[in-house]
Amino acid sequence: MKTKLFTAFIIFSLCFMLSKAQAQDTEFNRSFGIGAQVTNPAGISMKGWLSGNRAIASVVSFNLSENNSSFYIHGDYLTHKRYDTPGWDVGFLSYYYGVGGRYLWRDAGFDDNFFGIRLPGGLNFTFTDVPF
């Protein structure tokens, strides 16, 4: 019963977030984006922009199987710094860094809960004119 309620809650939450998702515009007035993370753990990724260079990002992933269920979530506070890329009409390159936390729950015959600190960093390419 708990698994069915949990699954219904996740589906309802994702539907609500998808209805609120907006695309980026060319003036960099970003508010919210949603996508997919294909690396481990694979799941739904979301990013909410607080300002032109600050954002909160998260990933939600779950696996509901009979012998090995799991739920993963992480949230990060990110700062983006834009590279000076003159002559690039398609978009711009920036790097980001931040701090966050993560939580992993597993039910593999015994309950395991893991909390941790994240220190994310990487490169980000933002398109200035998206044709779709």
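Of the contacts in the chain with a separation of 6 or more, 41% are accounted for by residues 24 or more positions apart, a contact being defined as heavy atoms within 4.5 Å. The structure is a predicted model, in which local features need pLDDT of at least 70 and side-chain atom pairs count only at pLDDT 80 or more, whereas totals for chains, interfaces and linings use all residues. Residues are numbered from 1 along each chain as its sequence is written, and side-chain values use heavy atoms, with hydrogens and water left out.

In order from the N terminus, the elements are α-β-β-β-β-β-β-β. Of the 132 residues, 28% are buried, where buried means under 20% relative accessible area, exposed over 50% and partly exposed in between (1.4 Å probe, protein chains only). The accessible surface amounts to about 9,200 Å², with 60% of this area belonging to carbon and sulfur atoms.

One salt bridge was found in a search of the whole structure, the criterion being a side-chain nitrogen of Lys or Arg within 4 Å of a carboxyl oxygen of Asp or Glu. This salt bridge joins Arg-118 to Asp-76, with 2.9 Å between the closest N and O atoms. The pair links distant parts of the chain, since Arg-118 lies in strand β6 and Asp-76 in strand β4, 42 residues apart. Asp-76 is buried, with a relative accessible area of 5%, while Arg-118 is partly exposed at 22%.

Strand β4 (residues 69–82) also contains Ser-70. Ser-70 has a relative accessible area of 19% and is therefore buried. When residues up to four places away in sequence are not counted, Ser-70 touches Ser-61, Phe-62, Asn-63, Trp-105 and Arg-106.

On the surface, a nonpolar patch is formed by Leu-50, Ile-56, Tyr-77, Val-99, Ile-117 and Leu-119, which together have about 650 Å² of accessible area. Patches are made of residues with over 30% relative accessible area and no salt bridge, like charges being joined within 9 Å and nonpolar side chains (Val, Leu, Ile, Met, Phe, Trp, Tyr) within 5 Å. Leu-119 is located in the loop between β6 (111–118) and β7 (121–127), and its relative accessibility of 70% classes Leu-119 as exposed.

Definitions and conventions:
Areas by Shrake-Rupley, 256 points an atom, 1.4 Å probe, with all protein chains shown as cover. Helix = DSSP H or I, 4+ residues; strand = E, 2+ residues; numbered from the N terminus.
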